[in-house]
Structures are given as C-alpha cells and as structure tokens.
Amino acid sequence: MTDTWECAYCGLTREPRTREHLFPTALHQRLQKANKASHVFWLRRLGKDIKGEPSLKDVCRRCNNGFMSDLDAYICREFDDQFSVIRQRYEKVTFTYDFHRLKRWLLKMAYNSARIHLAPDTFALKALLPYTRGENDRLGRSVRLFLQLSYPAPIPAAERVRLGSEDEVPEIWEPRLNRVGISEVAIAGMGRKLIRHVALQSYTFMLAYSKPTDGAAANKEFAYEFLKRAPGAVEIKASQMQVSTIGDGANSWDQFRQSRVNALVD
Ligand SMILES: [Zn+2]
C-alpha cells in the first residue's frame, strides 16, 4: 500500500508523519495545571473542547522534532515566566519577547488551525512558510503583530443564575481562554483585512497580513487605524525586545462569551 502525502511545512513526502493536537502537549499540560484551581465548572467544558479538536496528521517528524519543537520550547518558557500570570485590570505589564520566535510560533499555530478549519487565510500562511520555518526573516515583514491584554471581569448576576448553581459558576471570570481564531477588520479607505488571534490566558496576540503591494506607508497607516479600534493594544516590534501596556484591553467575560456563543445558547 502506498501512502501518498506531503508535509504541510516542508513539502517532503518520504519522512514519517506525526500526529498531534493544535495545542502542543507541553503547553496543554501547563494550561491544565495553571487552570486547575479555578473555574471547575467551565474547565470541564474546556477539556471537552480540547479533546474534540481534530489532530493534525500532515506534519513530518523532521519538522515536528526540529523547528516546531524549538518554537514550542520557547513558548513554554514564556508561559512559565509570563503567560501563566493572570493580569489584573489597569495593571502595567511589560512583556518581553524574542520577536521572530514569538511571531513564528504564532504563525505555526495559525497555520495549524487554518488547515483544521479550512480557513480563508490558509494560502497567506502557506506563503509565509519559509519565515515560519526560520529560513527567511525578511518575508515575515508582511505580517504585523499586536498584543492586547484581557482583564478579569464579573459575570453578570442574571447570567450566573442561568449558567448553573452558585458554587459552580465563578463571580469573576478570569482570562483563561486559550484559542486560535480569526476575525475581519474593515477600515474606511483601506478595505477589509483578516486578523488572526492567538489567546494565551491574559495575552491575546493579533497578526495582521499585508499584501506585497501595500507598501510601508499603507502598513503604518493600517497599524495606526487598527490600534485606535483595539483598546489597550500595542504593536510588538522587531526592533525591540519588550513592550509595555496597561491591562485594560478586553473584558475577558465578553471575550469568552463571544467565542462560545453556541455553547451558551439554551
Ligand atoms: Zn516537514
């Protein structure tokens, strides 16, 4: 029997293939550990969601054990140092980063999610693969990276009643949403742009693609307009190693509810 397939990252066809979930195992374990003590009621559902996520079977062992596992190791270190801390509202947070490793890991997550869900930005993420693999830093310039913090927020009383018994549903919902999503932003005169989101606890990273024809001035203009619409968001830049912002971005309960509208409809 011939098994015809090619690796989604390197295109090779003769390497052994691997199988894994969207959230790498080492990170998934950290998330479970970090979130164990709270939100018992919700975590049961979150656990189901993660198990229900289809696994990827189109990555070769060389890619998986090579650049991908380096990127995963980097993000696990950042998780231990930074993402594991739930940020409070109005807290001043300085986020330190290794720009290319961070952005490449986010693009890997986006590409994996895009293939699972047949998302409209799959082609853009495919075109960025030499950057994601760590072979062409220049190519990554067509993607801008932003960070927005989510803050703990009370769950309105009426919703708490609807959701379950009092001891199950927390009064304050903390940002413990971990997901990869996609949205669209429309800016007058600039058209529509797809935005990729990767949320890790309090930290939501957003990736904005630009077309090769957009030019530096248009990209700068877009960043300016985008930041006006995203409260508390800041751009993460290659020329720096850290960025500071105030934890006043998104209300984590609204964010959670929007991401799970279907799960919450009676
Ligand atoms: Zn490969």
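Modeller: Let's start with a word we'll need: a residue is buried if its relative accessible area is under 20%, exposed if over 50%, and partly exposed in between (1.4 Å probe, protein chains only). Helices (H or I, at least four residues) and strands (E, at least two) are DSSP runs, numbered from the N terminus. This is a predicted model, where local features need pLDDT of at least 70, side-chain atom pairs count only at pLDDT 80 or more, and totals for chains, interfaces and linings use all residues. Residues are numbered from 1 along each chain as its sequence is written, and side-chain values use heavy atoms, with hydrogens and water left out.

Biologist: How does helix 3 pack against helix 4?

Modeller: Axes are lines fitted to C-alpha atoms, for helices over the stretch in contact, and angles run from 0 to 180 degrees between N-to-C directions. Helix 3 (residues 61-83) meets helix 4 at about 115°, with the axes 9 Å apart. That makes the pair roughly perpendicular (65 to 115 degrees; under 35 is roughly parallel, over 145 roughly antiparallel, the rest oblique).

Biologist: Which residues hold the zinc ion?

Modeller: Donors are N, O and S atoms within 2.8 Å of the metal (3.2 Å for Na, K and Ca); water is not among the atoms, so sites may look incomplete. Here the zinc ion is coordinated by the SG atoms of Cys7, Cys10, Cys60 and Cys63, at 2.3 Å. Along the chain, these donors follow the spacing C-x2-C-x49-C-x2-C.

Biologist: Why is the arrangement around the zinc ion called tetrahedral?

Modeller: Four donors count as tetrahedral if all angles lie between 85 and 135 degrees. Around this zinc ion the angles are 106 to 114°, which makes the arrangement tetrahedral. Cysteine 60 is buried at 0% relative accessible area, and cysteine 63 is buried too, at 6%.

Biologist: What about phi?

Modeller: Most residues other than glycine have a negative phi. Glutamine 201 has one of about 55°, although it is not a glycine.

Definitions and conventions: Four donors count as tetrahedral if all angles lie between 85 and 135 degrees; four count as square planar and six as octahedral if opposite donors are over 155 degrees apart and all others between 65 and 115; anything else is irregular.
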